[in-house]
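Please read it alongside the sequence and the coordinates.

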Amino acid sequence: MHNSLVGSMFNTWKPMWVVLLEDGIEFYKRKSDNSPKGMIPLKGSTINSPCQDFGKRMFVFKLTAAKQQDHFFQASYLEERDAWVRDIKKAIQCIDGGQRFARKSTRKSIRLPETINLSALYLSMKDPEKGIKELKLEKDKKVFNHCFTGTAVIDWLVSSNSIRNRKEGLMLASSLLNEGYLQPAGDTSKAAAEGLSDTPFLDLSDAYYYFPDSGFFCEGNSSDDDVVLKEEFRGMIVKQGCLLKQGHRRKNWKVRKFVLREDPAYLHYYDPAGGEDPLGAIHLRGCVVTAVEDMPDSKKYDVENNLFEIITASEVHYYLQAASSAERTEWIKAIQSVARTGK
């Protein structure tokens, strides 16, 4: 398991890339770094979640090493924290029982042959004539455009002789998903990708996926009438809407219209009253986004609820407020997805 978390080191919180190994947790300053900044051995460790040591930080868990040294980590949302805690507990149990915990980095955990080139395979899958056919699929009163099923991916891998059987195909597809070559579309595939299933990828006809640069978008039919509502993905725009943003200089809060773009990975913000040119942009590649309960001066400006924080790769902090808890979760997940796959 590997992902971006916020970690507490030397009484300060910093974004880091964390990798769960079979016997420990490695943490890196950036995903692209070759050498870890440190490693926490899991033998003799205990994990505590939810951790209430930091009242203003949400989704925190505590890992106490054998030498009674505490390490604190903050996930982006509840499901992500629970997935980390579940896998770390499983790794500790495997160590205590003398078993092997296999869920390491993508290539090692599913034991892909070193000869497999995921980038080349991705290009073959996208071939207009011989690749996977992109379709318009319907589910739960929604229409998913430019996507395909999990079953279609495994069928293609089998027919192209990339794998020997469907079980191998499931492992290879999980690797493509973890590395960002495939993206989940719809609740079923998204839940599996977030660790709520036995495998990140599903060999199912009702689990939908898409290529990240395909122009995928979803159309949802309103339950009240036949109006078609455009949702979340359409071309380069992933999500857009109004949020409260704290200014960096005066620290006052203003409503801004935000447009989240997939490639390049930027969150642009505009004057909601109009204007085509953005007031500014937040570069999301390598960022960490987390929910926060409170922050300095929040009571002064009456912005105590539904706050979240974006910490860029250059460690610039942005504070935003959504209209509801559900909307905050949607923004966090969308930004996190773009931060992983965008450029």
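In this predicted model, helix H4 has the highest mean pLDDT among the elements of the protein, at 96. Strand S13 (residues 228-231) has the lowest, at 32.

**Confidence**
- Over residues 104-111 the pLDDT is below 50, and this stretch has 22 contacts in the model beyond near neighbours in sequence.
- Residues 221-235 also stay under 50 in pLDDT, with 31 contacts beyond four places in sequence.
- Where pLDDT is low, the predicted coordinates should not be read in detail.
- For the protein, the mean pLDDT is 79, and 80% of residues reach 70 or more.

**Helix H4**
- H4 spans residues 150-159, and its buried residues are Gly 150, Val 153, Ile 154, Trp 156 and Leu 157.
- These residues lie on the same side of H4, because they cover an arc of only 160 degrees around the axis.
- Their cover includes helices H3 (118-125) and H5 (166-178), along with strands S9 (142-149) and S11 (208-210).

**Strand S19**
- Five of the five residues of S19 (residues 307-311) are buried, so the strand is largely enclosed by the rest of the structure.
- Leu 307, Glu 309 and Ile 311 point one way, while Phe 308 and Ile 310 point the other way.
- S19 runs antiparallel to strand S18 (residues 288-292), joined by five bridges, and Glu 309 is the bridge partner of Thr 290.
- Five bridges also pair S19 with strand S20 (residues 317-321) in the antiparallel sense, where Glu 309 stands opposite Tyr 319.
- The S19-S20 hairpin has five residues between its strands, and Glu 315 takes a positive phi near 65 degrees.

How values were computed: Residues are numbered from 1 along each chain as its sequence is written. This is a predicted model: local features need pLDDT of at least 70, side-chain atom pairs count only at pLDDT 80 or more; totals for chains, interfaces and linings use all residues. Side-chain values use heavy atoms; hydrogens and water are left out. Buried means under 20% relative accessible area, exposed over 50%, partly exposed in between (1.4 Å probe, protein chains only). Helices (H or I, at least four residues) and strands (E, at least two) are DSSP runs, numbered from the N terminus. The arc is that of the directions from the helix axis to the C-beta atoms. Contact means heavy atoms within 4.5 Å. pLDDT is the predictor's confidence in each residue, from 0 to 100. Two strands pair if DSSP finds at least two bridges between them.
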